[in-house]
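Here's a quick briefing to keep beside the viewer.

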Amino acid sequence: MTDGEYDGAFGGEPGGTGGMTGPTWGEPAGEGRGDPFDEALALANAAAPVRVRPGTEAGAGGGPEPMTVRVPYATRETAAPHSSTTGGGGDVPYTPDDPFSLDDPAACGNGPSSASRSSSTPRSPGPSGSSDPSGSSDPSGSSGPSVPEDPPAPTASGPRPTPAALPWHIARDIAERAVPGPPAPETSALGDALGRTLAAPLTALTDLPSFDTSAMDGWAVSGPGPWRLDHPAGAPEAGPLPGILAGHAPTEALHDGHAVPIATGARVPPGATAVLRSEHGEVRELTDGGRRLYAPQPAPPGQDIRPRGQECRRGDQLLPVGALVTPAVLGLAAAAGYDELTAYRRPRAEVLVLGDELLDHGLPQDGRIRDALGPMLAPWLHALGVEAAAPRHLADDADTLYAAVAESTADVVITTGGTASGPVDHVHPTLRRLGAEVLVDGVAVRPGHPMLLARLAPHRHLVGLPGNPLAAVSGLVTLAEPLLRTLAARPPAAPYRTPLAAPVHGHPQDTRLVPVAYREDERHGLTAAPLRFHGPAMLRGIAAADALAVVPPGGAERGTELELLELPWSAGWSPVSSTGWTAPGGA
């Protein structure tokens, strides 16, 4: 099977079956047709129902009875003969001639030039000494850690059957719906709620402001001017007049025709009708030793006074359930009287970086390369509101990977590399040993189509990212982000489309995710300029990007409006602390 053999959603002629009965994804659901989401799950697990077209059911023309065929995960064969996923595994890059040729300093600037491994890169056997193409090893000869009562590693040899690659939008929908919702909410101190999603409405516990407040430095005045400034009883005659400061409640009412100095934020005394700003008033000495305040213009009632309840009244809803707790929300909650907030906890993710060939410092040497994914993934997850400990680097050993996944307590385990069927690609064998349910096994997207999503337990999942850096980013935004967004109770971003500043070549059958940067155009206004250096192993383009453009099969011309996936930092990114959780075995 050659790369690009992909016709329609799962193969075959448009409107045909492509080796499978049932409608294509482009057809509307109707009588005799199932839910595309359920069909995608069934196909990912090689258990697609075989249906008949309307009018051919038994008793309506002698057609066959509907039936469902299910094949065990460990022995299933290729589900669709025209998948864009190649049997050899790995993320085979689709790299047409660069159509952009943009003289773009942002695109050509210095950026990360190192890359993590491709998921299909052959390597020598790991520490266990296993050379089994399935990634299995003999537990008795393994030097990796042991887990009590581990099931034996698979002994079947030969390449893993290639599953059907799901359409990109369907794969994202499956990831978003893989969990029914977030875990139970928690009540925590204000500071610990940053980055979480409110599980209860934020209701004002007091009026804001809770009393009439001076909006400026100046004088609180009563009635029309001029106003007499009297020394309070017991105050020294010399020096400036004492006034009302913030945090001090006035003890006396202000009489008509009188004034008293007041500071910004101080409580306005009873009887005051306005605040006269300090730059608008003039104090003159009187012959009797007193002082009088004059103003060139009258002070209308209410001037520069923030009345009680101006912002909200006690019991008003300030924010609804589902609002993201930002630094500004923390300030509002504190002002409204809160010490604690009830919110959904941040999902916990553990990143496992796989590969004997990866270095964590220094220059590439002796056939080994720098790990580009470890330094990138944890901060990216933090920007999505996820708690993630420092990534763990694992050697290419089946038992080591099995132990790490089996012992993890994270909501989502994220692996890098090893998702294909190379000699040391152990992710699929590990999932079989764990009895995991595979929800997505290959996506019709470039780069990154060997990505996968599996359910380890009712509330625990694994996202397998390809090893090439940009392919891993593709897997992150396709499968990990929708899943983690649901776990965090965050709403999806509103659909956003922008015209292209230049044409983009497309894959013949698959979706492409291309890094773009925002540019102003005289004709189209804000546009998305495709960036160079967008190969699966490259990070230079994504480092200069604001978003990823979703390019349909066949490409798009200049001016075409495409869906954009904004990167977290393009909308004002700031990292969220991940304190409070450490992955087992982590530092």
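**Strand S24 and the overall picture**

Strand S24 is joined to strand S28 (residues 511-521) by 2 bridges, and the two run parallel; strands count as paired if DSSP finds at least two bridges between them. This is a predicted model, so local features need pLDDT of at least 70 and side-chain atom pairs count only at pLDDT 80 or more, while totals for chains, interfaces and linings use all residues. Residues are numbered from 1 along each chain as its sequence is written, and side-chain values use heavy atoms, with hydrogens and water left out. The protein has 9 helices and 31 strands, taken as DSSP runs numbered from the N terminus (helices are H or I, at least four residues; strands are E, at least two).

**Whole protein**

- Of the 587 residues, 49% count as buried; buried means under 20% relative accessible area, exposed over 50%, and partly exposed in between, using a 1.4 Å probe and protein chains only.
- Among contacts with a separation of 6 or more, 76% are between residues 24 or more positions apart; a contact means heavy atoms within 4.5 Å.

**More on S24**

- Arg446 has Arg512 in S28 as its bridge partner.
- S24 (residues 443-446) also pairs with strand S3 (residues 166-167), in the parallel sense and over 2 bridges.
- In that pairing, Leu166 stands opposite Val443.
- S24 is covered on both faces: Val443 and Val445 are buried on one side, and Ala444 and Arg446 are buried on the other.
- In a regular strand, side chains alternate between the two faces of the sheet.

**The six-stranded sheet**

- Here 6 strands make an open sheet with mixed pairing, in the order S11-S8-S10-S9-S13-S12.
- Strands S11 (274-277) and S12 (282-285) are at the edges with a single partner strand each, so one side of each has no neighbour in the sheet.
- From one strand to the next, the twist averages 40 degrees; such angles run from 0 to 180 degrees between N-to-C directions of axes, which are lines fitted to C-alpha atoms (for helices, over the stretch in contact).
- S12 and S13 (residues 291-294) run antiparallel and are joined by 4 bridges.
- Glu285 has Arg291 in S13 as its bridge partner.

**The three-stranded sheet**

- Another open sheet, this one of 3 strands, has the order S4-S16-S5 and antiparallel pairing.
- Its edge strands are S4 and S5 (197-198), each pairing on one side only.
- S5 pairs with S16 (residues 340-344) over 2 bridges, in the antiparallel sense, and Leu198 stands opposite Ala343 in S16.
- Is Ser188 buried or exposed? Ser188, which lies in S4 (residues 186-189), is buried, with a relative accessible area of 11%.
- Leaving aside neighbours within four places in sequence, Ser188 is in contact with Ala193, Arg196, Glu340 and Leu341.

**Helix H5**

- In H5 (residues 373-383), 9 of the 11 residues are buried, so this helix is largely enclosed by the rest of the structure.
- The buried residues include Met376, Leu377, Trp380, Leu381 and His382.
- Their cover includes strands S17 (348-354), S20 (387-388), S22 (412-416) and S26 (460-465), plus helix H8 (469-487).
- Just after H5, Gly385 takes a positive phi of about 85 degrees.

**Helices H6 and H7**

- The axes of H6 (residues 398-407) and H7 (residues 427-434) come within 10 Å and cross at roughly 55 degrees.
- These helices are therefore oblique to each other; under 35 degrees counts as roughly parallel, over 145 as roughly antiparallel, 65 to 115 as roughly perpendicular, and the rest as oblique.
- From H6, Ala398, Asp399, Leu401, Tyr402, Val405 and Ala406 meet Val427, Thr430, Arg433 and Leu434 from H7.
- The residues of this contact divide into 7 nonpolar, 1 polar and 2 charged; Ala, Val, Leu, Ile, Met, Phe, Trp, Tyr, Cys and Pro count as nonpolar, Asp, Glu, Lys and Arg as charged, and the others, Gly among them, as polar.
- In H7, 6 of the 8 residues are buried, so H7 is largely enclosed by the rest of the structure.
- The buried residues of H7 pack against S17, H6, S22, S23 (437-441), S25 (452-457) and S26.
- Just after H7, Gly435 takes a positive phi of about 65 degrees.
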